[in-house]
Amino acid sequence: MDFNMKKLASDAGIFFTRAVQFTEEKFGQAEKTELDANFENLLARADSTKNWTEKILRQTEVLLQPNPSARVEEFLYEKLDRKVPSRVTNGELLAQYMAEAASELGPTTPYGKTLIKVSEAEKRLGAAERDFIHAASINFLTPLRNFLEGDWKTISKERRLLQNRRLDLDVCKARLKKAKAAEAKAATVPDFQETRPRNYILSASASALWNDEVDKSEQELRVAQTEFDRQAEVTRLLLEGISSTHVNHLRCLHEFVESQTTYYAQCYRHMLDLQKQLGRFPGTFVGTTEPASPPLSSTSPTTTAATMPMEPSVAGQAPPGEAALCLEEVAPPASGTRKARVLYDYEAADSSELALLADELITVYSLPGMDPDWLIGERGNKKGKVPVTYLELLS
């Protein structure tokens with residue numbers, strides 16, 4: 001118990017002297033040992049790395065999980081060392097709602113059929129998002145989090161220890177400086193005519209005491225300097241390891257970009273397939289209803305067809321020129337025509353299609369061999385293909 005009390009008292013004394021030295025430095029009343037410029041640059045680089053890693057980590061978590069409540073829940077599960085429960089993505093939830101809506105509103109109606117197709121696409125998008133979140137968490141977030149919770153804590157601990165060693169060194173320097181000043185003052189030769197002989201004895205004794213104090217302070221300074229140099233070297237090695245951290249984070253960043261590229265490529269393919277299923281084709285400009293005239297060329301039709309880019313073909317859709325020709329030559333059937341109300345505006349993708357305006361009435365009918373998702377629509381003397389999903393058949 002006595003040993004513990006002595007150690008406690010010693011630690012309290014060291015803490016007090018460090019606090020006094022730190023306070024005097026802040027008020028400019030004490031000298032401070034400055035670190036070299038290279039060491040200061042390493043410290044600034046480490047602090048910048050830590051701050052930006054925290055910001056990138058937090059914002060990436062927001063990107064992967066925008067819901068703050070869900071992020072807090074996942075954080076608590078991680079702190080409790082429990083497995084985070086599987087969570088349905090927003091795309092998968094939307095797909096579920098669309099499928100249920102189609103089932104209730106009628107899966108055979110144009111709206112119901114479209115809901116089913118879109119729900120299947122959203123489900124695939126949700127699955128791709130789940131894979132992306134999992135890959136990004138393992139390949140990107142985990143290394144950043146390991147740096148902040150592992151390497152950076154070690155660096156911070158050694159920096160605090162270096163700060164204490166630096167304060168101890170400056171305390172020893174100040175103590176030695178005061179002891180030398182007192183020794184010089186005590187060694188001053190007194191005036192024989194004005195000083196009594198008794199003061200010579202006291203002056204000699206004080207001078208000897210200050211000599212011992214100077215020797216003791218010099219010994220403590222050498223020990224403090226050695227401990228400071230050793231701790232500075234340890235801290236320097238850790239700070240120089242930040243370069244290796246940057247290399248590791250660079251590799252993780254490349255993996256994150258690869259995961260994100262794969263995710264968006266999958267999303268693009270899924271939406272491209274959905275567009276084809278709904279009858280809207282990518283790569284066509286829907287702002288005009290007339291196709292661009294091909295440039296005149298002396299080359300043969302075979303050469304032109306081989307060099308010009310072709311639109312992706314879909315079953316039931318003929319090339320624009322052939323479709324326009326067929327529509328002009330084919331007369332509507334004697335029976336089987338129906339009236340239909342347009343639900344939404346529709347811009348024709350090419351000359352074979354008919355542009356539509358919401359709430360207008362048109363006459364529609366089907367031709368043998370046509371895609372079931374398309375009908376022939378007539379409005380006055382204009383005729384063209386129209387998508388079924390944009391219509392409400394009346395009679």
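Which loop holds Val88? Select the loop between helix H3 (68-79) and helix H4 (90-105): Val88 is found there. Helices (H or I, at least four residues) and strands (E, at least two) are DSSP runs, numbered from the N terminus.

Before moving on, note the ground rules. This is a predicted model, where local features need pLDDT of at least 70, side-chain atom pairs count only at pLDDT 80 or more, and totals for chains, interfaces and linings use all residues. Residues are numbered from 1 along each chain as its sequence is written, and side-chain values use heavy atoms, with hydrogens and water left out.

**Stop 1: the surface patch.** Together they form a nonpolar patch on the surface, with about 280 Å² of accessible area. Nonpolar side chains (Val, Leu, Ile, Met, Phe, Trp, Tyr) are joined within 5 Å, like charges within 9 Å. Areas come from the Shrake-Rupley method with a 1.4 Å probe; for residues, only the protein chains shown count as cover.

**Stop 2: the aromatic cluster.** Select Phe132, Phe140, Phe256, Tyr263 and Tyr264; they form one aromatic cluster. The whole structure has seven aromatic pairs. Rings of Phe, Tyr and Trp (its six-membered ring) pair if their centres lie within 6.5 Å; planes under 30 degrees apart are stacked, over 60 edge-to-face, the rest tilted.

Start with Phe140 and Phe256. This pair is stacked, at 4.8 Å centre to centre and 25° between the planes. Phe140 lies in helix H5 (residues 110-186) and Phe256 in helix H7 (residues 242-278), so the pair links parts of the chain 116 residues apart. Phe140 is buried at 5% relative accessible area, and Phe256 is buried at 9%. Buried means under 20%, exposed over 50%, partly exposed in between (1.4 Å probe, protein chains only).

Next, Tyr263 and Tyr264. This pair is tilted: 5.0 Å between centres, 50° between planes. Tyr263 is buried at 14%, whereas Tyr264 is partly exposed at 48%.

**Stop 3: charges over rings.** Show Lys55 and Trp52. The charged end of Lys55 sits over the Trp52 ring, 4.5 Å from its centre. Then go to Lys385, whose charged end sits over the ring of Trp374, 5.3 Å from its centre. The criterion is NZ of Lys or CZ of Arg within 6 Å of the ring centre and within 35 degrees of the ring normal.

**Zoom out.** Colour by secondary structure: the chain has nine helices and five strands. Buried residues make up 29% of the 395 residues.

Note on methods: Patches are made of residues with over 30% relative accessible area and no salt bridge: like charges are joined within 9 Å, nonpolar side chains (Val, Leu, Ile, Met, Phe, Trp, Tyr) within 5 Å. A salt bridge is a side-chain nitrogen of Lys or Arg within 4 Å of a carboxyl oxygen of Asp or Glu.
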